[in-house]
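Subject: Handover of a structure

Dear colleague,

Please find the sequence and the structure below. My notes on what was found follow directly after them.

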Amino acid sequence: MSERVLQVLKDKFGDAIVETHSAWGDDTAVVNASQWKEVCAFLRHDPQMGFDMLVDLCGVDYPDRDPRIEIVAHLYSVARRHRVRVKARVGNAEMASAEIDSITEIWPGADWFERETYDLMGVTFKGHPDLRRILLYPEFEGHPLLKDYPANKTQPLIPYRTEEEAGVPLDKLAPFRADEGMSFGRRVWSRGES
Amino acid sequence: MGELKSDAGGAVAGGPRTVTLDSGSTSGFATTKIDALLNWARKWSLFKYPFVTACCGMEFMALTSPRFDGSARFGAEAPRFSPRQSDLLWVVGTISQRQAPALKRIYEQMMEPKWVFAFGTCASTGGFYDNYTTLPGIDKIIPCDIYIPGCPPRPEAVIDGLMLLQDKITRGDRTPGIVKPREDPATLIQLRRSREEA
(Lines give C-alpha, C1' and ligand atoms only; values in the text may rest on other atoms or scores of the structure.)
Protein backbone atom coordinates (compact mmCIF):
# COMPACT_ATOMS: atom_id res chain seq x y z
CA MET A 1 0.00 0.00 0.00
CA SER A 2 2.82 2.35 0.79
CA GLU A 3 5.32 0.96 -1.66
CA ARG A 4 5.43 4.51 -2.99
CA VAL A 5 6.99 5.53 0.33
CA LEU A 6 9.74 2.98 -0.16
CA GLN A 7 10.38 4.32 -3.66
CA VAL A 8 10.62 7.89 -2.39
CA LEU A 9 13.06 6.77 0.31
CA LYS A 10 15.24 4.93 -2.20
CA ASP A 11 15.28 7.92 -4.54
CA LYS A 12 16.11 10.39 -1.80
CA PHE A 13 18.58 8.45 0.34
CA GLY A 14 20.12 6.00 -2.15
CA ASP A 15 22.73 3.88 -0.41
CA ALA A 16 21.39 4.72 3.06
CA ILE A 17 18.50 2.35 2.33
CA VAL A 18 20.14 -1.06 2.69
CA GLU A 19 17.17 -3.05 1.41
CA THR A 20 13.40 -2.87 1.10
CA HIS A 21 10.76 -5.53 0.96
CA SER A 22 6.99 -5.73 0.86
CA ALA A 23 4.83 -8.61 1.97
CA TRP A 24 1.10 -8.84 2.69
CA GLY A 25 0.69 -5.09 2.67
CA ASP A 26 3.59 -4.47 5.03
CA ASP A 27 6.37 -2.40 3.57
CA THR A 28 9.77 -2.42 5.20
CA ALA A 29 12.88 -0.35 4.65
CA VAL A 30 16.16 -1.30 6.28
CA VAL A 31 18.12 1.85 6.93
CA ASN A 32 21.81 2.38 7.48
CA ALA A 33 22.15 2.93 11.24
CA SER A 34 24.21 6.09 10.86
CA GLN A 35 21.38 7.78 8.93
CA TRP A 36 18.56 6.48 11.13
CA LYS A 37 17.63 9.85 12.60
CA GLU A 38 17.86 11.62 9.26
CA VAL A 39 15.52 9.15 7.57
CA CYS A 40 13.09 9.28 10.50
CA ALA A 41 13.03 13.08 10.44
CA PHE A 42 12.27 13.00 6.73
CA LEU A 43 9.44 10.53 7.24
CA ARG A 44 7.99 12.71 10.00
CA HIS A 45 8.30 16.15 8.46
CA ASP A 46 8.01 15.70 4.71
CA PRO A 47 4.45 16.69 3.68
CA GLN A 48 4.20 13.72 1.31
CA MET A 49 5.21 11.29 4.08
CA GLY A 50 3.66 12.83 7.20
CA PHE A 51 4.24 9.88 9.54
CA ASP A 52 3.00 11.62 12.65
CA MET A 53 2.49 8.53 14.75
CA LEU A 54 5.18 6.22 16.11
CA VAL A 55 3.21 3.03 16.70
CA ASP A 56 5.99 0.92 18.14
CA LEU A 57 9.71 0.73 18.53
CA CYS A 58 11.52 -2.38 19.67
CA GLY A 59 14.60 -4.48 19.18
CA VAL A 60 15.09 -8.00 17.84
CA ASP A 61 18.12 -10.15 18.52
CA TYR A 62 19.38 -12.40 15.73
CA PRO A 63 22.38 -14.02 17.43
CA ASP A 64 23.69 -15.63 14.27
CA ARG A 65 23.84 -12.40 12.29
CA ASP A 66 26.31 -9.57 12.32
CA PRO A 67 25.17 -6.91 13.20
CA ARG A 68 22.96 -8.89 15.54
CA ILE A 69 20.37 -6.37 16.80
CA GLU A 70 17.62 -5.04 14.61
CA ILE A 71 15.84 -1.88 15.76
CA VAL A 72 12.30 -1.88 14.38
CA ALA A 73 10.01 1.16 14.23
CA HIS A 74 6.42 1.04 13.01
CA LEU A 75 5.14 4.34 11.65
CA TYR A 76 1.66 5.44 10.71
CA SER A 77 0.32 8.58 9.11
CA VAL A 78 -3.07 9.54 10.48
CA ALA A 79 -3.75 12.06 7.71
CA ARG A 80 -2.53 9.96 4.78
CA ARG A 81 -3.47 6.63 6.30
CA HIS A 82 -0.38 4.78 5.24
CA ARG A 83 2.11 2.92 7.31
CA VAL A 84 5.69 1.79 6.95
CA ARG A 85 8.19 -0.19 8.98
CA VAL A 86 11.79 0.98 9.21
CA LYS A 87 14.64 -1.07 10.59
CA ALA A 88 18.27 -0.49 11.43
CA ARG A 89 20.91 -3.06 12.31
CA VAL A 90 23.44 -2.41 15.06
CA GLY A 91 25.81 -4.21 17.42
CA ASN A 92 28.32 -6.96 16.87
CA ALA A 93 28.55 -10.30 18.66
CA GLU A 94 29.87 -8.76 21.89
CA MET A 95 27.23 -5.99 21.74
CA ALA A 96 29.93 -3.41 21.10
CA SER A 97 28.76 -0.46 19.00
CA ALA A 98 25.15 -1.36 19.83
CA GLU A 99 24.14 2.26 19.70
CA ILE A 100 21.90 4.37 17.54
CA ASP A 101 20.58 7.92 17.49
CA SER A 102 17.56 8.61 19.66
CA ILE A 103 14.44 9.71 17.79
CA THR A 104 12.75 11.26 20.83
CA GLU A 105 13.20 14.71 19.27
CA ILE A 106 11.13 13.60 16.29
CA TRP A 107 8.47 11.60 18.16
CA PRO A 108 8.44 12.37 21.91
CA GLY A 109 6.59 9.08 22.40
CA ALA A 110 9.75 7.20 21.52
CA ASP A 111 11.06 7.96 25.01
CA TRP A 112 9.75 4.92 26.86
CA PHE A 113 10.10 2.61 23.84
CA GLU A 114 13.79 3.43 23.68
CA ARG A 115 14.17 2.94 27.42
CA GLU A 116 12.51 -0.45 27.10
CA THR A 117 14.79 -1.45 24.23
CA TYR A 118 17.78 -0.29 26.25
CA ASP A 119 16.54 -2.20 29.29
CA LEU A 120 15.86 -5.52 27.63
CA MET A 121 18.29 -5.52 24.69
CA GLY A 122 21.11 -3.28 25.81
CA VAL A 123 21.01 -0.86 22.88
CA THR A 124 22.23 2.64 23.74
CA PHE A 125 20.22 5.51 22.25
CA LYS A 126 22.47 8.53 21.77
CA GLY A 127 20.80 11.78 22.71
CA HIS A 128 18.03 10.20 24.77
CA PRO A 129 17.10 12.57 27.64
CA ASP A 130 16.81 9.94 30.36
CA LEU A 131 18.14 6.53 29.38
CA ARG A 132 17.43 4.36 32.42
CA ARG A 133 15.96 0.91 32.89
CA ILE A 134 12.17 1.11 32.70
CA LEU A 135 10.88 -2.38 33.54
CA LEU A 136 13.70 -4.04 35.43
CA TYR A 137 15.40 -2.84 38.59
CA PRO A 138 18.68 -0.94 38.60
CA GLU A 139 20.48 -3.85 40.30
CA PHE A 140 19.78 -6.13 37.35
CA GLU A 141 22.89 -7.16 35.42
CA GLY A 142 22.72 -7.86 31.72
CA HIS A 143 19.87 -7.60 29.24
CA PRO A 144 17.44 -10.50 29.38
CA LEU A 145 16.02 -10.44 25.86
CA LEU A 146 19.41 -11.12 24.32
CA LYS A 147 19.42 -14.73 23.20
CA ASP A 148 22.59 -15.50 25.14
CA TYR A 149 20.97 -14.53 28.46
CA PRO A 150 20.16 -17.89 30.16
CA ALA A 151 16.41 -18.46 29.85
CA ASN A 152 15.84 -19.37 33.51
CA LYS A 153 18.42 -17.20 35.24
CA THR A 154 16.98 -15.00 38.00
CA GLN A 155 18.51 -12.09 39.87
CA PRO A 156 16.57 -11.84 43.16
CA LEU A 157 16.31 -8.47 44.88
CA ILE A 158 16.14 -10.03 48.32
CA PRO A 159 18.00 -13.19 49.35
CA TYR A 160 15.99 -16.41 49.31
CA ARG A 161 15.42 -18.28 52.54
CA THR A 162 17.63 -21.27 53.21
CA GLU A 163 16.15 -24.73 53.39
CA GLU A 164 16.80 -24.83 57.14
CA GLU A 165 14.68 -21.72 57.62
CA ALA A 166 11.96 -22.98 55.38
CA GLY A 167 11.90 -26.60 56.50
CA VAL A 168 10.82 -27.62 53.01
CA PRO A 169 12.84 -28.28 49.86
CA LEU A 170 13.29 -25.08 47.88
CA ASP A 171 14.83 -26.43 44.67
CA LYS A 172 13.71 -24.58 41.63
CA LEU A 173 12.10 -27.29 39.56
CA ALA A 174 11.85 -26.88 35.83
CA PRO A 175 8.15 -26.84 34.98
CA PHE A 176 8.63 -28.78 31.77
CA ARG A 177 10.71 -31.69 30.60
CA ALA A 178 13.55 -30.87 28.23
CA ASP A 179 11.48 -31.66 25.16
CA GLU A 180 8.34 -29.74 26.11
CA GLY A 181 7.36 -26.17 26.80
CA MET A 182 9.52 -23.43 25.37
CA SER A 183 12.46 -25.69 24.57
CA PHE A 184 13.95 -23.07 22.27
CA GLY A 185 14.49 -20.93 25.35
CA ARG A 186 16.85 -23.54 26.74
CA ARG A 187 19.01 -23.67 23.65
CA VAL A 188 22.54 -22.53 24.40
CA TRP A 189 23.50 -20.03 21.74
CA SER A 190 27.09 -20.27 20.67
CA ARG A 191 28.88 -18.09 18.23
CA GLY A 192 29.92 -19.29 14.81
CA GLU A 193 27.30 -22.01 14.54
CA SER A 194 23.97 -21.57 12.94
CA MET B 1 -22.14 -23.80 72.46
CA GLY B 2 -23.22 -26.79 70.46
CA GLU B 3 -21.03 -25.61 67.61
CA LEU B 4 -18.09 -25.26 69.97
CA LYS B 5 -18.54 -28.81 71.03
CA SER B 6 -18.68 -30.27 67.58
CA ASP B 7 -15.70 -28.34 66.21
CA ALA B 8 -13.17 -28.16 68.98
CA GLY B 9 -14.17 -31.48 70.45
CA GLY B 10 -13.89 -33.52 67.31
CA ALA B 11 -10.67 -31.94 66.10
CA VAL B 12 -8.10 -34.02 67.89
CA ALA B 13 -8.63 -37.43 66.45
CA GLY B 14 -8.07 -40.08 69.06
CA GLY B 15 -6.86 -37.50 71.60
CA PRO B 16 -8.56 -36.32 74.74
CA ARG B 17 -11.61 -34.16 74.17
CA THR B 18 -10.83 -30.50 74.68
CA VAL B 19 -14.40 -29.52 75.42
CA THR B 20 -16.57 -31.11 78.03
CA LEU B 21 -20.25 -30.29 78.25
CA ASP B 22 -21.77 -30.52 81.65
CA SER B 23 -24.91 -32.30 80.59
CA GLY B 24 -26.32 -32.66 84.11
CA SER B 25 -26.85 -28.94 84.50
CA THR B 26 -29.97 -27.25 83.26
CA SER B 27 -28.16 -23.98 82.60
CA GLY B 28 -25.65 -25.68 80.30
CA PHE B 29 -22.00 -24.73 80.38
CA ALA B 30 -18.83 -26.10 78.89
CA THR B 31 -15.27 -26.32 80.04
CA THR B 32 -12.28 -26.27 77.70
CA LYS B 33 -8.62 -25.36 77.55
CA ILE B 34 -7.73 -21.75 76.85
CA ASP B 35 -5.56 -22.76 73.85
CA ALA B 36 -8.34 -24.74 72.29
CA LEU B 37 -10.75 -21.87 72.78
CA LEU B 38 -8.29 -19.39 71.27
CA ASN B 39 -7.60 -21.59 68.27
CA TRP B 40 -11.31 -22.09 67.77
CA ALA B 41 -11.80 -18.33 67.81
CA ARG B 42 -8.91 -17.74 65.45
CA LYS B 43 -9.88 -20.28 62.86
CA TRP B 44 -13.36 -18.78 62.49
CA SER B 45 -12.21 -15.18 62.19
CA LEU B 46 -9.40 -15.18 59.67
CA PHE B 47 -9.18 -11.57 58.53
CA LYS B 48 -7.61 -11.69 55.14
CA TYR B 49 -5.17 -9.44 53.37
CA PRO B 50 -5.66 -10.05 49.64
CA PHE B 51 -2.34 -9.57 47.82
CA VAL B 52 -3.91 -10.02 44.39
CA THR B 53 -1.53 -9.57 41.50
CA ALA B 54 -2.67 -11.58 38.52
CA CYS B 55 -5.35 -13.59 36.75
CA CYS B 56 -5.95 -15.81 39.81
CA GLY B 57 -7.74 -12.73 41.15
CA MET B 58 -10.68 -13.58 38.89
CA GLU B 59 -11.03 -16.95 40.56
CA PHE B 60 -10.63 -15.25 43.92
CA MET B 61 -13.61 -13.04 43.02
CA ALA B 62 -15.59 -16.10 41.98
CA LEU B 63 -14.73 -17.70 45.28
CA THR B 64 -15.88 -14.76 47.38
CA SER B 65 -19.02 -14.01 45.37
CA PRO B 66 -22.39 -15.54 46.29
CA ARG B 67 -22.24 -18.66 44.15
CA PHE B 68 -19.49 -20.22 46.24
CA ASP B 69 -19.43 -17.78 49.14
CA GLY B 70 -16.19 -19.53 49.85
CA SER B 71 -14.67 -17.35 52.51
CA ALA B 72 -17.73 -16.01 54.37
CA ARG B 73 -18.92 -19.50 55.23
CA PHE B 74 -15.61 -20.07 56.99
CA GLY B 75 -15.41 -16.78 58.85
CA ALA B 76 -12.73 -15.48 56.50
CA GLU B 77 -14.79 -12.97 54.62
CA ALA B 78 -13.76 -9.58 55.95
CA PRO B 79 -10.78 -8.21 54.04
CA ARG B 80 -8.49 -5.80 55.81
CA PHE B 81 -6.42 -3.61 53.55
CA SER B 82 -3.89 -2.99 56.24
CA PRO B 83 -1.56 -5.89 57.01
CA ARG B 84 -1.54 -4.80 60.66
CA GLN B 85 -5.18 -5.83 61.06
CA SER B 86 -5.12 -9.12 59.20
CA ASP B 87 -4.24 -12.71 60.07
CA LEU B 88 -4.24 -14.44 56.71
CA LEU B 89 -2.19 -13.28 53.74
CA TRP B 90 -3.67 -14.44 50.44
CA VAL B 91 -0.96 -14.28 47.79
CA VAL B 92 -3.10 -14.56 44.68
CA GLY B 93 -1.10 -14.64 41.48
CA THR B 94 2.37 -14.29 40.07
CA ILE B 95 4.95 -12.45 42.17
CA SER B 96 7.62 -10.76 40.11
CA GLN B 97 11.14 -10.22 41.37
CA ARG B 98 10.39 -6.52 41.66
CA GLN B 99 7.34 -7.17 43.83
CA ALA B 100 9.11 -9.62 46.12
CA PRO B 101 10.46 -6.97 48.54
CA ALA B 102 6.99 -5.42 48.83
CA LEU B 103 5.44 -8.81 49.60
CA LYS B 104 8.06 -9.55 52.22
CA ARG B 105 7.45 -6.18 53.85
CA ILE B 106 3.69 -6.74 53.91
CA TYR B 107 4.27 -10.11 55.57
CA GLU B 108 6.58 -8.59 58.16
CA GLN B 109 3.99 -5.93 59.02
CA MET B 110 1.36 -8.51 59.93
CA MET B 111 0.77 -9.29 63.58
CA GLU B 112 1.30 -12.74 65.02
CA PRO B 113 -0.30 -15.19 64.71
CA LYS B 114 -0.36 -15.04 60.93
CA TRP B 115 -0.88 -17.48 58.12
CA VAL B 116 -0.10 -17.41 54.41
CA PHE B 117 -1.97 -18.85 51.43
CA ALA B 118 -0.17 -19.49 48.15
CA PHE B 119 -3.16 -19.26 45.82
CA GLY B 120 -2.45 -20.86 42.47
CA THR B 121 0.54 -22.42 40.84
CA CYS B 122 2.42 -19.15 40.27
CA ALA B 123 2.37 -18.14 43.92
CA SER B 124 3.31 -21.70 44.92
CA THR B 125 6.17 -22.39 42.50
CA GLY B 126 6.37 -19.63 39.91
CA GLY B 127 4.34 -21.76 37.52
CA PHE B 128 5.47 -21.73 33.94
CA TYR B 129 7.23 -18.39 34.36
CA ASP B 130 10.62 -20.05 34.51
CA ASN B 131 12.55 -16.90 33.65
CA TYR B 132 14.21 -13.71 34.88
CA THR B 133 11.00 -11.91 35.88
CA THR B 134 9.31 -14.19 38.34
CA LEU B 135 9.86 -15.31 41.89
CA PRO B 136 9.78 -19.13 41.79
CA GLY B 137 7.29 -19.49 44.63
CA ILE B 138 6.60 -17.21 47.58
CA ASP B 139 8.13 -19.74 49.96
CA LYS B 140 11.51 -18.52 48.70
CA ILE B 141 11.03 -15.36 50.77
CA ILE B 142 8.24 -15.90 53.32
CA PRO B 143 6.91 -18.97 55.13
CA CYS B 144 3.84 -20.41 53.48
CA ASP B 145 1.16 -22.45 55.26
CA ILE B 146 -1.12 -23.70 52.52
CA TYR B 147 -0.29 -24.27 48.86
CA ILE B 148 -3.28 -24.35 46.55
CA PRO B 149 -2.18 -25.62 43.14
CA GLY B 150 -4.20 -24.86 40.04
CA CYS B 151 -4.01 -22.42 37.18
CA PRO B 152 -6.19 -20.93 38.58
CA PRO B 153 -7.45 -23.28 41.31
CA ARG B 154 -11.15 -24.08 41.34
CA PRO B 155 -13.07 -22.44 44.20
CA GLU B 156 -13.57 -25.93 45.63
CA ALA B 157 -9.81 -26.31 45.90
CA VAL B 158 -9.55 -23.01 47.77
CA ILE B 159 -12.34 -24.07 50.12
CA ASP B 160 -10.41 -27.29 50.69
CA GLY B 161 -7.40 -25.12 51.48
CA LEU B 162 -9.37 -23.02 53.95
CA MET B 163 -10.63 -26.11 55.73
CA LEU B 164 -7.10 -27.53 55.76
CA LEU B 165 -5.85 -24.32 57.35
CA GLN B 166 -8.64 -24.39 59.96
CA ASP B 167 -7.68 -27.95 60.75
CA LYS B 168 -4.04 -26.96 61.12
CA ILE B 169 -4.93 -24.03 63.39
CA THR B 170 -6.95 -26.34 65.61
CA ARG B 171 -4.04 -28.70 65.92
CA GLY B 172 -1.45 -25.92 66.25
CA ASP B 173 0.35 -27.39 63.25
CA ARG B 174 2.62 -24.95 61.37
CA THR B 175 4.01 -27.36 58.77
CA PRO B 176 3.11 -26.40 55.18
CA GLY B 177 0.21 -28.22 53.61
CA ILE B 178 -0.77 -28.79 50.01
CA VAL B 179 -4.35 -29.05 48.79
CA LYS B 180 -4.58 -32.39 47.10
CA PRO B 181 -6.38 -32.63 43.78
CA ARG B 182 -9.74 -34.30 43.91
CA GLU B 183 -8.79 -36.29 40.85
CA ASP B 184 -5.80 -38.59 41.08
CA PRO B 185 -3.06 -37.09 38.87
CA ALA B 186 -1.65 -40.58 38.29
CA THR B 187 -4.57 -41.32 36.00
CA LEU B 188 -3.87 -38.14 34.06
CA ILE B 189 -0.22 -39.14 33.53
CA GLN B 190 -1.35 -42.51 32.24
CA LEU B 191 -3.68 -40.74 29.86
CA ARG B 192 -0.82 -38.67 28.50
CA ARG B 193 1.48 -41.67 28.14
CA SER B 194 -1.14 -43.61 26.24
CA ARG B 195 -1.57 -40.64 23.91
CA GLU B 196 2.19 -40.40 23.37
CA GLU B 197 2.48 -44.10 22.60
CA ALA B 198 -0.44 -44.03 20.19
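**The sheet of chain B**

In chain B, strand 4 and strand 5 pair in the parallel sense, over 5 bridges. Within strand 5 of chain B, the residue opposite B:Leu89 is B:Val116. Please keep in mind while reading that the model is predicted.

**Chain B as a whole**

Chain B has 7 helices and 7 strands. Read from the N terminus, its elements follow the pattern α-β-β-α-β-α-β-α-β-α-β-α-β-α. Of the 198 residues in chain B, 40% are buried. When contacts in chain B between residues at least 6 apart in sequence are considered, 72% of them join residues at least 24 apart.

The domain assignment divides chain B into domain 1 (1-43) and domain 2 (46-178). Where the two touch, domain 1 of chain B contributes 5 residues and domain 2 of chain B contributes 8 residues. On the domain 1 side, helix 2 (residues 34-43) of chain B provides the largest share, 3 residues. By class, the residues on that side of domain 1 of chain B are 2 nonpolar, 1 polar and 2 charged.

In soluble globular proteins, nonpolar side chains tend to be buried together. The largest nonpolar core here has 39 residues, and those with the most contacts inside it are B:Leu89, B:Val91, B:Phe117, B:Ala118, B:Phe119 and B:Ile138. Several elements of chain B each supply at least two residues of this core, among them strand 4 (88-92), strand 5 (115-119), helix 3 (56-64) and helix 4 (100-109). Helix 6 of chain B gives the most to the core, with 6 residues.

Which residues is B:Ala118 in contact with, leaving aside its neighbours within four places in sequence? They are B:Val91, B:Ala123, B:Ser124, B:Ile138, B:Cys144, B:Ile146, B:Tyr147 and B:Ile148. There is also a second, separate core of 33 residues, which includes A:Ala33, A:Trp36, A:Val84 and A:Met121.

**The sheet of chain A**

Chain A has an open sheet formed by 5 strands in the order 1-2-5-4-3, and the pairing is mixed. Why is one side of strand 1 (17-23) and of strand 3 (53-61) of chain A left without a neighbour in the sheet? Both strands stand at the edges, each with a single partner strand, so one side of each has no neighbour there. From one strand to the next, the twist of this sheet averages 20 degrees.

Strand 1 of chain A runs antiparallel to strand 2 (residues 26-31) of chain A, and 6 bridges join them. The bridge partner of A:Ser22 is A:Asp27, in strand 2 of chain A. The hairpin of these two strands of chain A has 2 residues between the strands, and A:Trp24 there takes a positive phi near 55 degrees. Helix 1 (residues 3-13) of chain A lies across strand 1, strand 2 and strand 5 (82-90) of chain A, and the helix runs at about 170 degrees to strand 1 of chain A.

**Where the chains meet**

Between the chains, 17 residues of chain B are in contact with 20 residues of chain A. On the chain B side, helix 4 of chain B gives the most, with 3 residues. That side of chain B consists of 8 nonpolar, 4 polar and 5 charged residues.

**A proline in a loop**

Finally, B:Pro181 is found in the loop between strand 7 and helix 7 (185-197) of chain B. Is B:Pro181 buried, exposed or partly exposed? B:Pro181 has 14 other C-beta atoms within 10 Å, and is therefore partly exposed. B:Pro181 and B:Ile148 are 33 residues apart in sequence, and their C-alpha atoms are 9.3 Å apart in space.

With kind regards

Methods
Residues numbered from 1 in each chain as written. Chains lettered and ligands numbered in written order. Predicted model: local features only at pLDDT ≥ 70, side-chain atom pairs only at ≥ 80, totals over all residues. Helix = DSSP H or I, 4+ residues; strand = E, 2+ residues; numbered from the N terminus. Buried ≥ 20, exposed ≤ 12 C-beta atoms within 10 Å, placed from the backbone. Contact = placed C-beta atoms within 7 Å. Domains from an automatic or database assignment. Nonpolar A, V, L, I, M, F, W, Y, C, P; charged D, E, K, R; others polar. Pairing = 2+ DSSP bridges. Axes fitted to C-alpha atoms, helices over the stretch in contact; angles between N-to-C directions. Core = buried A, V, L, I, M, F, W, Y, C linked by C-beta atoms within 7 Å.
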